[in-house]
Amino acid sequence: MILGRRSLIAGSAALLAGCDTVIQQPAARRILFLGEDMHRGLQRALVNRNALAPEFTGAERSPFFRPNGTRDPGTSEYAALQAGKFADWRLQVGGLVAQPLSLSLSDLGAFPQRVQITRHDCVEGWSAIAKWQGPKLGDVLKAAGMRDAARYIVFTCADLYGGAPYYESIDLVDAFHPQTILAWALNDRFLPVMNGAPCRLRVERQLGYKHAKYLMRVEAVASLDGIGKGKGGYWEDNVDYDWYAGI
Amino acid sequence: MDAFRFRRDRLGLFLARLRLEAGDCREVWLMHAAAVQRSENHDSLTAMKTVFRHRVATRLWHWINAISIFILIGSGLGISNAHPRLYWGSYGANFDPAWWELPRFPAWLTIPASYNLAISRRWHLFFGLVLAFGLLAYMIVSLLNRHFARKLRVRRGDLSRRNLLADLREHLALRFHDPANPTAYNIFQKLTYLALIFILLPLVIFTGIALSPAMNAGLPWLLDLFGGRQSARSIHFLCMIGLALFTVVHLTLVILAGAINETRSMITGWWRVPEEPRP
């Protein structure tokens with residue numbers, strides 16, 4: 001009995017260590033990482049592409065919407081924009097579009113607005129509910145005349161990670177989803193710096209790290225190859241986060 | 001001549017075992033018993049009191065589950081370390097009151113050992129699919145081949161206080177099998193397996209699905225059912241504790257009942273009827 005229990009504990013410790021050895025093998029890693037594609041395939045097959053993320057009432061909001069990641073980009077360029085209350089900030093919309101755009105905050109406000117109270121889910125496990133306002137990304141892309149060859153939308157930010165701008169990307173299903181907006185207001189105020197001023201992405205059916213803050217450029221591309229390390233985002237490139245974060 | 005008979009009897013035994021795998025029925029069992037009788041002279045030790053206990057679907061599912069649950073708990077504890085606070089309701093973050101501030105799980109309990117949320121999630125999300133589709137397949141197979149009906153049906157009188165108390169006494173005396181029908185599950189086994197297959201495993205799977213923001217859009221009623229995403233996350237964690245407790249009790253009983261015999265029966269299907277102490 002004692003022997004049995006000891007060997008059980010030793011065995012399970014060996015198994016745990018074994019898992020860490022297994023994940024070092026490229027073939028095993030590839031199989032394990034297929035989980036992301038299986039979930040994406042299943043979710044896309046099961047969920048209507050326009051199905052809405054749950055929305056809430058004003059009373060159901062979190063008392064405080066906590067920031068995460070960069071709290072302030074802290075670069076001199078960003079500081080200058082912030083000093084001018086983002087009057088000089090322009091969002092560049094380019095890549096595979098017929099008509100590249102350069103949009104000010106008031107330009108964004110001139111598009112039809114979507115207001116939504118949604119839940120933000122961090123990959124770490126916490127959730128916070130807040131009210132967001134901004135134009136639909138789909139409307140902005142249509143205004144720029146997105147070309148047929150485009151497959152992904154890439155977002156480049158003002159904050160630096162390891163010396164390079166934070167970036168993220170989504171596919172066209174999420175880009176043209178009715179709740180995917182370029183939010184410039186949080187809880188009826190302009191976005192605070194810690195939450196991504198002056199404008200951040202909301203892509204409500206994915207985890208928080210996809211919701212790029214401090215947006216500077218929106219580009220339509222045919223492929224993610226050659227951008228960053230080619231995996232579609234800072235965390236995807238550097239620490240193996242899933243590119244598809246609907247899970 | 002003797003050698004020929006020996007081979008023939010071994011063949012008969014082998015064929016009977018094969019047919020038992022395919023679908024167990026009384027005639028095959030009788031065939032097997034006859035083959036055992038014939039081979040008794042040659043093989044009395046292994047054939048005498050060995051019975052076919054677990055079918056291939058049960059055995060396969062058992063080991064798939066064993067691996068999945070082991071990896072899911074290890075990687076899940078790694079994920080918990082990213083934000084070790086549990087809440088009730090839809091939202092919950094650092095500035096909201098947590099109903100449980102979890103300890104930081106040590107390296108020897110988590111997959112991977114060194115904190116890495118991305119890799120913990122890769123393990124967890126892959127084996128979450130294995131667990132869910134494994135359960136679905138097992139449920140379908142076990143309904144079709146009447147495994148549930150034959151092995152797990154709670155019969156009249158099973159739940160009477162007398163039977164429960166008698167079974168409890170037998171457990172305390174470390175006698176786990178009814179000598180008249182040693183392969184039948186006792187009532188505690190039935191209730192445990194029923195709770196596991198029809199309550200705990202579905203609950204841990206559906207609370208897991210309710211954590212996916214994309215699935216929230218597809219199945220919003222799941223969130224209503226569990227009372228919000230953070231409630232689903234709390235229930236998911238409580239289910240993990242239930243599964244961990246089950247595993248501890250299960251392994252303890254396997255050791256008490258005879259680790260080698262029980263483990264072998266879950267690999268080959270064949271179980272030696274133990275001679276348990278009788279008063």
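## Helix packing between and within chains

H2(A) and H4(B) are oblique to each other, because their axes make an angle of about 60°. The model is a predicted one. The crossing in which H2(A) passes H4(B) is left-handed.

On the H2(A) side, the residues that meet H4(B) are Leu32(A), Phe33(A), Gly35(A), Met38(A) and His39(A). They face Arg122(B), Trp123(B), Leu125(B), Phe126(B) and Leu129(B) in H4(B). By class, the residues of this contact are seven nonpolar, two polar and one charged.

The length of H4(B) can be compared with expectation. With 28 residues at 1.5 Å a residue, H4(B) should span 40 Å, and this agrees with its end C-alpha atoms, which are 40 Å apart. Just after H4(B), Arg146(B) adopts a positive phi of about 60°.

H3(B) and H10(B) have axes that come within 12 Å of each other and cross at roughly 140°. These two helices are therefore also described as oblique to each other, and H3(B) passes H10(B) in a left-handed crossing. From H3(B), the contact involves Arg59(B), His62(B), Ile69(B), Ile73(B) and Gly76(B). From H10(B), it involves Met240(B), Leu243(B), Ala244(B), Thr247(B), Met266(B) and Ile267(B). The residues of this contact divide into seven nonpolar, three polar and one charged.

| Helix pair | Axis separation | Crossing angle |
|---|---|---|
| H3(B) and H10(B) | within 12 Å | roughly 140° |

## The interface between the chains

How many residues does each chain bring to the contact? Chain B gives 40 residues and chain A gives 45 residues. On the side of chain B that touches chain A, the elements giving two or more residues are H3 (56–80), H4, H8 (213–218), H9 (220–226) and H10 (229–268). H4(B) provides the largest share of that side, with eight residues.

## Sheets of chain A

Chain A holds an open sheet of five strands in the order E2-E1-E11-E5-E6, and its pairing is mixed. Strands E2 (101–103) and E6 (164–171) of chain A stand at the edges; each has a single partner strand, so one side of each is left without a neighbour in the sheet. On average, neighbouring strands of this sheet are turned by 20° against each other, direction ignored. Strand E5 of chain A, residues 152–161, runs antiparallel to E6(A) and is joined to it by seven bridges. Ile153(A) has Ile170(A) as its bridge partner in E6(A).

An open sheet of four strands is also found in chain A, with the order E3-E4-E8-E9 and antiparallel pairing. Its edges are formed by strands E3 (113–121) and E9 (189–190) of chain A, each with a single partner strand, so one side of each is left without a neighbour in the sheet. Strand E4 (residues 127–135) and strand E8 (residues 185–186) of chain A pair in the antiparallel sense over two bridges. In E8(A), Ala185(A) is the bridge partner of Gln133(A).

Key: Residues numbered from 1 in each chain as written. Chains lettered and ligands numbered in written order. Predicted model: local features only at pLDDT ≥ 70, side-chain atom pairs only at ≥ 80, totals over all residues. Axes fitted to C-alpha atoms, helices over the stretch in contact; angles between N-to-C directions. Parallel < 35°, antiparallel > 145°, perpendicular 65-115°, else oblique. Left-handed = near helix turned anticlockwise from the far one by under 90°. Contact = placed C-beta atoms within 7 Å. Nonpolar A, V, L, I, M, F, W, Y, C, P; charged D, E, K, R; others polar. Expected span 1.5 Å × (residues − 1). Pairing = 2+ DSSP bridges.
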